[in-house]
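Please keep the sequence and the 3D view at hand while reading.

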Amino acid sequence: MASETASLLAKLVSIPSVNPMGRVLEGDQVLEGRLTDFLESWFRERGLDCRRDPVAPGRDNLLARYDAPGSSRLILFDVHQDTVPVDGMTIPPFDPVVEGGRLHGRGSCDVKGSMAAMMTAFERLARERPAGSASVLLAFTVDEEFTHMGASRLAASRHGASLAIVAEPTSLDLVDCHKGALRWLIQTKGTACHSSSPDLGANAIYRMAAVIRVLEDYARDLQAGSVDPVLGPATFSVGRITGGQSVNIVPDLCSIEVDRRLLPGETALDAIGAVRGRLDHALGRPDWIEFEKPWVHLPPLERKEGHHISALQAAVTQAVGRKPLVRGVPFGTDAGPLDEAGTPCVVFGPGDIAQAHTKNEWIDLEQVDLAALAYYQIAIELGR
Ligand SMILES: [Zn+2]
C-alpha cells in the first residue's frame with residue numbers, strides 16, 4: 001500500500017505548476033497558482049497556519065511556520081512550486097502512475113517528491129511537538145526554474161532562520177556548494193539594405209560571427225583555467241542565436257543568448273567584464289556590440305565549514321541508515337540567493353538529478369519516505 005507521503009506526492013504531481021520560462025504560455029497548466037491554492041487548503045484543513053507572500057501576478061510564495069516548544073532556533077525548509085514545461089514528454093505529465101516503486105510524472109523528482117516529504121515531516125512535528133526540536137519555517141517558492149524570483153523575495157525578507165535546507169534531488173546526499181549562473185543577451189548592430197547591393201549596408205550576422213569566434217576561444221580558455229577543487233572550472237556557452245528578417249535584406253540585428261556558470265568567489269560584474277574585455281581586445285572596441293542586463297543572476301553556493309554539517313550528517317544517517325556524502329553539484333538552486341543574503345544553506349532531497357527535467361520523469365518512492373523521516377530528524381538534531 002502506498003504511504004501517505006506517496007499519496008500526497010501523487011496529488012501534488014496531478015496539479016500542474018509549469019513555469020513558462022519567459023515564453024508567453026497560457027492555459028491551465030501554467031504558473032503556480034493552482035498548486036498554491038491546494039497547499040494553502042492542505043494546511044488550513046489541518047489547523048496549521050500559513051500565509052501567502054505575493055511575488056508576481058498570480059505567483060505567491062506560501063509560508064507555514066511551526067514554533068517548537070521552548071526553541072530558540074529557527075530553520076528554513078525551502079521547496080519550489082514550479083516545474084519545467086512538458087514539451088516532448090513521453091508519459092502523461094499530470095496523471096501520476098506508480099510502477100515498480102517509482103512514481104512517474106512532471107515534477108515528481110524536481111521537486112514535488114521533496115515537497116511531499118517536507119510537508120509530511122512538518123505535519124508530524126506539529127502533531128507530536130517533540131521536545132528540543134528547532135522551529136521550522138516551510139517556504140514554498142515560485143519561479144525556481146527560470147529567474148528564482150520567489151527565493152530572491154524570501155532571501156530579502158527578514159525570515160530570521162539561521163540555516164536553510166533547500167529541496168532538490170540529491171539522492172539523499174548533502175550538497176553544500178554549487179556553481180552560480182548568469183544568462184544574458186549580446187547583440188550586434190548593423191545597417192540594413194537591399195541584398196542586391198550588400199556593400200551599402202553592414203551585416204549584423206557577419207559581425208556576430210566574429211563575436212562568436214572570440215567567445216568560442218574564451219569558453220575554451222575558461223574551461224582550461226583555474227578550477228575549483230570540488231566544482232571544477234567555470235564555463236561559458238552560447239545557447240541560442242537569432243538574426244535577420246528576410247533573405248533579401250542585409251540584417252541590421254543579430255542576438256545570442258549566453259550562459260556563464262560562476263564559481264564561488266566570482267561576481268556577475270567580473271564575469272561580464274571579462275567577456276566584454278575579451279571582445280574589445282580582439283575586435284578593437286567596436287561600437288556595434290551591445291550587452292543587455294542579465295535576466296538570470298543566480299549566485300553560487302559557497303562551501304562553509306561549521307557544526308551544522310556534522311549535525312545534518314548525524315540526522316540523515318539516523319533516518320536513512322546510511323551516512324550521506326557531503327558534495328558539490330554543477331547545477332544552481334534556490335540556495336544561491338539565500339546564501340548570498342547571509343543564510344548558510346545545504347541542499348538535500350530524494351531522487352536523482354538525472355531524472356529531473358526528463359521526458360519520463362520519475363522518483364523512487366522509498367527515497368521519498370526516507371526523506372520525510374530525514375527532514376523530521378533534521379529539525380530534531382538542529383534544535384540541540
Ligand atoms: Zn528543482
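L172 is placed in the loop between β7 (163-166) and β8, and in this predicted model the phi of L172 is near 65°, a positive value in a residue other than glycine.

**Domains and their interface**

The domain assignment divides the protein chain into domain 1 (4-179 + 300-382) and domain 2 (180-297), and the C-alpha centres of domain 1 and domain 2 lie 35 Å apart. Where the two meet, 14 residues of domain 1 are in contact with 14 residues of domain 2. The area buried between domain 1 and domain 2 is about 1000 Å², with 65% of it on carbon and sulfur atoms. On the side of domain 1, F146, K179 and P300 lose the most area to domain 2, and together they account for 57% of what that side buries.

As for charged and polar pairing across this boundary, the count of salt bridges between domain 1 and domain 2 is zero, while one residue pair, both members at pLDDT 80 or more, is in polar contact. The elements that give two or more residues to the side of domain 1 that touches domain 2 are β8 (174-178) and β18 (326-329). The residues of that side divide into six nonpolar, four polar and four charged.

**Side-chain pairs**

A search of the whole structure finds eight aromatic pairs. In one of them the rings of W184 and F236 have their planes at 65°, over the 60 degrees required, so the pair counts as edge-to-face. W184 belongs to strand β9 (residues 180-189) and F236 to strand β13 (residues 235-243), so this pair ties together parts that are 52 residues apart in sequence.

Because D37 lies in helix α2 (residues 33-45) and R52 in strand β1 (residues 50-56), the pair ties together parts that are 15 residues apart in sequence.

The table sets out the separations for these two pairs.

| Pair | Separation |
|---|---|
| W184 and F236 | ring centres 6.3 Å apart |

Key. Residues numbered from 1 in each chain as written. Predicted model: local features only at pLDDT ≥ 70, side-chain atom pairs only at ≥ 80, totals over all residues. Heavy atoms only, no water. Domains from an automatic or database assignment. Contact = heavy atoms within 4.5 Å. Buried area = accessible area lost by both parts, 1.4 Å probe. Salt bridge = Lys/Arg side-chain N within 4 Å of Asp/Glu carboxyl O. Polar contact = N/O pair within 3.5 Å; in protein donor to acceptor, adjacent residues only side chain to side chain. Helix = DSSP H or I, 4+ residues; strand = E, 2+ residues; numbered from the N terminus. Nonpolar A, V, L, I, M, F, W, Y, C, P; charged D, E, K, R; others polar. Phe/Tyr/Trp six-rings, centres within 6.5 Å; stacked < 30°, edge-to-face > 60°.
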